[in-house]
Amino acid sequence: MMTENTLSNVMAEQVLPHEKNAILFVGYADPDSPAGRLRAAQEGDLVKMRPNGQPVRRNCTVDCFDFSGHATRDALVNYAVKLNPRQVVLVHGDPDAVEWMHDTLSARMPGSTIIAPVPGQRYTFES
């Protein structure tokens, strides 16, 4: 995330002026944020990355890749099966989705422990 006073913002100021550098974005950037202003800037434009900072000339390549923020259920299951971990802890999703994932992973990975944590309960994990 490239907002004011973040490491990515500070680094961008150092990368921008050099034509052999590149800044690559994935996903959405608010048009009013430093990332949005940078994405809208053309090569050679001055870009102000911080309210009190000096504008920096954009000489580097800027490109955007539209990656999905979420994988499909099947893609997640296939990835877990490929990795074949001893334990899987399910930490995101509504109760029906977590139950489906638990049941599906348990069936596809009988040698793994699949955990759907209950809030407030303590768990000990193997190392």
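Glu13 counts as buried at 14% relative accessibility, where buried means under 20% relative accessible area, exposed over 50% and partly exposed in between, with a 1.4 Å probe and protein chains only. Glu13 also forms a salt bridge with Arg50, a salt bridge being a side-chain nitrogen of Lys or Arg within 4 Å of a carboxyl oxygen of Asp or Glu. The structure is a predicted model, in which local features need pLDDT of at least 70 and side-chain atom pairs count only at pLDDT 80 or more, while totals for chains, interfaces and linings use all residues. Residues are numbered from 1 along each chain as its sequence is written, and side-chain values use heavy atoms, with hydrogens and water left out.

**Salt bridges**

- A search of the whole structure finds two salt bridges.
- In the pair of Glu13 and Arg50, the closest N and O atoms are 3.1 Å apart.
- Glu13 lies in helix 1 and Arg50 in the loop between strand 2 (46-47) and strand 3 (56-57), so this pair ties together parts that are 37 residues apart in sequence; helices (H or I, at least four residues) and strands (E, at least two) are DSSP runs, numbered from the N terminus.
- Arg50 is partly exposed, with a relative accessible area of 33%.
- Arg37 forms a salt bridge with Glu4, and the closest N and O atoms of that pair are 3.5 Å apart.
- Because Arg37 lies in helix 2 and Glu4 in the segment before helix 1, the pair ties together parts that are 33 residues apart in sequence.
- Arg37 counts as partly exposed at 31% relative accessibility, and Glu4 counts as partly exposed at 31%.

**Surface patches**

- Asp94, Asp96, Glu99 and Asp103 form a negative surface patch.
- Patches are made of residues with over 30% relative accessible area and no salt bridge, with like charges joined within 9 Å and nonpolar side chains (Val, Leu, Ile, Met, Phe, Trp, Tyr) within 5 Å.
- Lys and Arg count as positive and Asp and Glu as negative, whereas His and the chain ends are not counted; the place of a charge is taken as NZ of Lys, CZ of Arg, CG of Asp or CD of Glu.
- A nonpolar patch on the surface consists of Leu7, Val10 and Met11, which together have about 290 Å² of accessible area, computed by the Shrake-Rupley method with a 1.4 Å probe.
- Leu7 belongs to helix 1 (residues 7-15) and counts as exposed at 62% relative accessibility.

**Asp94 and its surroundings**

- Asp94 is located in the loop between strand 5 (87-89) and helix 4 (95-108), and is partly exposed with a relative accessible area of 46%.
- A polar atom of the Asp94 side chain lies 3.1 Å from the backbone nitrogen of Asp96.
- Asp94 and Thr72 are 22 residues apart in sequence and, C-alpha to C-alpha, 15 Å apart in space.

- Ser33 is found in the loop between strand 1 (22-26) and helix 2 (34-40), and counts as buried at 13% relative accessibility.
- A polar atom of the Ser33 side chain lies 2.7 Å from the backbone oxygen of Asp30.
- Asn84 is placed in the loop between helix 3 (73-83) and strand 5, and counts as exposed at 55% relative accessibility.
- The phi of Asn84 is near 50°, a positive value in a residue other than glycine.
- Most residues other than glycine have a negative phi.

Note on methods:
A polar contact is a pair of N or O atoms within 3.5 Å; within protein, one must be able to donate a hydrogen and the other to accept it, and residues adjacent in sequence count only if both atoms are side-chain atoms.
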